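I opened this entry to record a few look-ups, starting with a single side chain and then turning to the aromatic rings.

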Amino acid sequence: MFKNLFIYRLKNAQLLPTSIEEALSRAAFLSCAPTQATSCGWVAPRGLEHAELVEQQGQHLHLALKFEDRILPASVVKRRVEEMAARVEKETGRKPGKKQRKDLAEQATHELLPTAFTRQSQVRIWIDEAQKLLMIDSPSATRAEAAVTLLVKALDGLNLHLIQTAESPAVCMAAWLIDGVPPEGFTIDRECELKSGDEMKSVVRYSRHSLDIGEVRDHLRAGKAPTRLAMSYRDRVSFVLTDTLHLKKIAFLDLAFEGKDKAASADAFDADAALAAGELSKLIPDLILALGGEHDFFAAEPAQLAA
């Protein structure tokens, strides 16, 4: 269910599903109008029409935000602008100036939008009320920020911020690679990216390669810092940790499915949501602790996260 997570700390003591449902229904998804470049709104996480906008499983809440964008290539707009500019020049005897070409571009975009194809995507949001955490499943920081903005707009008084750890993920990843000793419960897998901090910004990437080698340690001692590191948690979940504490490429391993007959579930959504929340609600606090705990003025103590 979740592939890429941005992790936020919630200050609010309690979020009532019925109140959230009512608030989100006022901003439900509507497709783009003919001349509208983009549209977004809340949809049912279960993917069924007229289903609830808030799915609750114990103390876990699931939401979904849908985006629709009209795809209008710049080359298509440019070609239409050139056609319009040529007509203006023929009629007036003068080439359009900079301001007039800008107006022509706006006119061309407005004219072409109704014929443009649309692309739809979803951002899933998972709220762990027990640990006061909110996770946004998105590969893009821009889309995650847009989801936060819309959620705060919908839920008056919502207070949240990106988790900040006492120690930098890059510093910790470098230490784990140099010492060869990952934090308890975690293993280092076979992918990483190292980047220099000088003006060259040189990058070294390893993929499907052992990282317990002198070459990797030499790069680190020479000043390159890890920006991505593939890891596994208790042989149940694999992921890539970034230097911004973004979890990418999340995958659930065979051990996570032991004792679970996914095919027998009456609804795949329930099985997927329970598996993801169950595994990640253990991984995330352990990872935060491995990075020195939280560093924020209203964050819970590290001991509380592990509870």
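Predicted model: local features only at pLDDT ≥ 70, side-chain atom pairs only at ≥ 80, totals over all residues.

I then looked up the surroundings of glutamate 55 and noted a polar contact, at 3.0 Å, between its side chain and the side chain of arginine 46. Leaving aside residues up to four places away in sequence, I list Pro45, Arg46, His60, Leu61, His62 and Phe269 as the residues that glutamate 55 touches.

Next I turned to the rings, where a search of the whole structure gave me three aromatic pairs. For phenylalanine 2 and tryptophan 126, I read ring centres 5.4 Å apart and planes at 20°, so I record the pair as stacked. This pair joins distant parts of the chain, 124 residues apart, with phenylalanine 2 in the segment before β1 and tryptophan 126 in strand β5; I note that both residues are buried.

For phenylalanine 186 and tyrosine 233, the centres lie 5.0 Å apart and the planes stand at 50°, so I record this pair as tilted. Phenylalanine 186 belongs to strand β8 and tyrosine 233 to strand β10, 47 residues apart. Together with Phe239, I find Phe186 and Tyr233 in one aromatic cluster.

Lastly, I noted the charged end of arginine 143 over the ring of phenylalanine 67, 3.9 Å from the ring centre.

Key:
Residues numbered from 1 in each chain as written. Heavy atoms only, no water. Polar contact = N/O pair within 3.5 Å; in protein donor to acceptor, adjacent residues only side chain to side chain. Contact = heavy atoms within 4.5 Å. Phe/Tyr/Trp six-rings, centres within 6.5 Å; stacked < 30°, edge-to-face > 60°. Helix = DSSP H or I, 4+ residues; strand = E, 2+ residues; numbered from the N terminus. Buried < 20%, exposed > 50% of the residue type's maximum accessible area, 1.4 Å probe, protein only. Lys NZ or Arg CZ within 6 Å of the ring centre and 35° of its normal.
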